[in-house]
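Here's a quick briefing to read with the model open beside you.

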Amino acid sequence: MKIKLIIINLFAGVLLIPLSQAFPGDYGTAPVFEAGAGARPAAMGNAFTAVADDSSAIYYNPAGLSLIKAQELSLLYYQLYEGALYNSAAYGQTLLDFGTLGAAFYLYSAGTISGYDSNDKKTGDFAFREYKAVVSYAAHIEKVLRLGVAVNVINSAMGKENSTGIGADAGLLYEPFDFLRLGFMARNLFRPVQSLGTENEGMPQVYTLGILLKQAFGAVNVNISGDFSAGESENFRARAGLELVLYDTLSLRAGYDSGRYSIGAGLDLFNVRADYAYIAVNYLENLQRIGISYRFGMSLDEQRERKKSEIMNQVRKIVEERLRSKEKKNAMKHYAAAYEYYRNGSYENALNEANRALEWREDTKEAIIMKNTIAKVYYGEAIKQYKEGNYIGALESFNDALAANPSLDGPEGYIAEINTKLRIKEETKSDFNEGIRLYSAKDYGAAIKAWEKALLVDPANQNVKICLAAARRRLNTGKTGTAIPAAQAEAAKKLYYEGINAYTAGDVEKAAVIWEQALKLNPDDVKSARGIEKAGMELEEYKKRGLK
């Protein structure tokens, strides 16, 4: 901050004022259109080469067009002497991945002029007008560098004489620090040549170096600018400008342009900015300029967000199509494994694989049929065990059947009869049956807790004790039947939803990382596996389209 303030003070107090006083300029040789464009630059002494951040940049430095945030239209009214009038209109639009386009039209009208012959006899009246049309382009080449060009078509009409010339300007902006911007403008780099009568006249080349120092002091933004120019038909010329912007709304300006002082103000509300400049001219009537600008359309950031949104929607459609194919492939892979287990009589593993197939694609008909078939097998086994008096085994098999097909008719009636035969008290039925369900699900630890709770109510029930003993044996031999502890499964589930939140927020990479962590905790977590597949496909498509 101290370095910035030192530079600003040196620039404003030591450099600009002495230079501005030392070089009075070269009057009477400048083209008509050197009047510039806009009331804001005029109020700053036309020291605008490094400022150039609105549509008037088309004239002062076309590279500055790339600083326009959206579309902008500017109009200028400038009343000169003896009925002469100078008006201009400028338009700029920033286009994502292309650059900024600008167009401007300037009109100088001297009104009606009386003509006389060599004998001082009036020959008639004629009008003198000059027109200038400009098409401009600017690009943000690098973070600190902007380039711009402008093609000018100039037409002069005086009486019956008419002449047109075509030329071009070029400019650049260099911003090495956030408080310092440098500008360079080569006017008439390709000079327009006009012919009126037998005379050919080319517009003079002018080279301008500009500097801008900017600093915010709370709600006040301070801009101090300076321009230093020289050309074929003018001596070294210096200009200086100052702008104070309060709350990005009210602007106060002052400037010096080779012997002429200027002041002005601006008001920026609801995307409309009105500017006024008062120019003090020695020995002549003082001049005033009025300008108005309107900003509209999508900003560059909004265009960028729209493009990103369009690409994301497009990518997600492509990915959904690819993912459906991948999901079907994975589902059929698990179904094939389920079928092999079923053929070998390993119904528990077959059921697990069928469930995983349905997690990948819930409409996998083959897996649905497989589960119904396994449910019937378990149901048949349960009936056999029931008839043999193996009620505990029957309960387990009935629960296995219901796990395979919850809508299966029959098991619940048998379970009620078994509870009666096992003399399970009414107040312990809930805990006892929950224990059977957990035991069937191979969650022996949870089953033990449920049966222990039932045993507290009915401590003499031998059937509950038999169930407890069986579960403890399974637990002690490591045959838990569960891949991971319940707490670990819960942690994986929590991570999965964290990944969902990251994905919904648009951070696909982060979501993929979180889902990978969830999958490490629970390798059977199909939801996280699907999320990883989807995220990987999206990132691949984004990379193809150059979107991070």
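This is a predicted model: local features need pLDDT of at least 70, side-chain atom pairs count only at pLDDT 80 or more; totals for chains, interfaces and linings use all residues.

Residues are numbered from 1 along each chain as its sequence is written, and side-chain values use heavy atoms, with hydrogens and water left out.

**Arg40**
- You'll find Arg40 in helix H2 (residues 39-43); helices are DSSP runs of H or I, at least four residues, numbered from the N terminus.
- Arg40 counts as buried because its relative accessibility is 6% (buried means under 20% relative accessible area, with a 1.4 Å probe and protein chains only).
- Its side chain has a polar contact of 2.6 Å with the side chain of Asp53 and another, at 3.0 Å, with that of Asp54 (a pair of N or O atoms within 3.5 Å, one able to donate a hydrogen and the other to accept it).
- Beyond its neighbours within four places in sequence, Arg40 is in contact with residues including Phe48, Glu243, Arg253 and Asp275 (heavy atoms within 4.5 Å).

**Arg239**
- Arg239 sits in strand S12 (residues 237-246); strands are DSSP runs of E, at least two residues.
- At 8% relative accessibility, Arg239 is buried too.
- The side chains of Arg239 and Asp257 make a polar contact of 3.4 Å.

**Helices H12 and H13**
- The axes of H12 (residues 486-504) and H13 (residues 508-521) come within 8 Å and cross at roughly 170° (lines fitted to C-alpha atoms over the stretch in contact, with angles from 0 to 180 degrees between N-to-C directions).
- So H12 is roughly antiparallel to H13 (angles over 145 degrees).

Methods. Buried means under 20% relative accessible area, exposed over 50%, partly exposed in between (1.4 Å probe, protein chains only). Angles under 35 degrees count as roughly parallel, over 145 as roughly antiparallel, 65 to 115 as roughly perpendicular and the rest as oblique.
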